[in-house]
Amino acid sequence: MFLIARSGYDSVCIDRREGAFPIKTFTLDVGTRRPLGAGAGGLALLLLLPDEEVDAIIAANAVRIGSYNKLTVPALLKALRRSRELGYALNDIHNTAA
């Protein structure tokens with residue numbers, strides 16, 4: 001489980017806890033920064049922001065976004081629209097081709 005917070009145009013992992021399951025997959029270390037929208041936590045932080053603010057964040061992060069699992073701006077925008085419709089962040093970027 002990860003606790004993610006916004007820091008400017010980034011999301012930052014500020015805490016993580018491991019569960020009891022014997023296989024551990026830690027995708028983030030505490031202190032890891034990613035552009036907002038990269039990963040489910042960053043996507044969740046974008047969900048309730050006004051469109052103008054989302055546009056500014058994505059424009060500022062456009063160059064960096066591609067370095068995260070081959071994420072593209074169109075795929076991110078599609079995932080954001082889908083997540084807003086669902087009411088929760090769904091990191092399904094690879095199954096929602098732009």
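Analyst: The account below begins with the sheet and then turns to the helices.

This is a predicted model, in which local features need pLDDT of at least 70 and side-chain atom pairs count only at pLDDT 80 or more, while totals for chains, interfaces and linings use all residues. Residues are numbered from 1 along each chain as its sequence is written, and side-chain values use heavy atoms, with hydrogens and water left out.

The sheet is open and has 3 strands in the order E1-E2-E3, with antiparallel pairing. Strands (E, at least two residues) and helices (H or I, at least four) are DSSP runs numbered from the N terminus, and two strands pair if DSSP finds at least two bridges between them. Strand E1 (2–7) and strand E3 (33–35) are the edge strands, each pairing on one side only. From one strand to the next, the twist averages 35 degrees.

E1 and E2 run antiparallel and are joined by 6 bridges. Arg 6 has Ser 11 in E2 as its bridge partner. These two strands form a hairpin with 2 residues between them, and Gly 8 in the turn has a positive phi of about 65 degrees. On to the next pair: strand E2 (residues 10–16) and E3 pair in the antiparallel sense over 3 bridges. Here Ser 11 has Arg 34 in E3 as its bridge partner, and Asp 10 stands opposite Pro 35 in E3.

Helix H1 (residues 39–47) lies across E1, E2 and E3 and runs at about 50 degrees to E1. H2 also packs on the sheet, touching E1, E2 and E3, and its direction makes about 110 degrees with that of E3. Such angles run from 0 to 180 degrees between N-to-C directions, and axes are lines fitted to C-alpha atoms, for helices over the stretch in contact. Contact means heavy atoms within 4.5 Å.

Helix H2 (residues 51–65) in turn meets H3: their axes come within 10 Å and cross at roughly 145 degrees. In H2, Asp 51, Val 54, Ile 58, Ala 62 and Ile 65 meet Val 73, Leu 76, Leu 77, Leu 80 and Arg 84 in H3. The residues of this contact divide into 8 nonpolar, no polar and 2 charged; Ala, Val, Leu, Ile, Met, Phe, Trp, Tyr, Cys and Pro count as nonpolar, Asp, Glu, Lys and Arg as charged, and the others, Gly among them, as polar.
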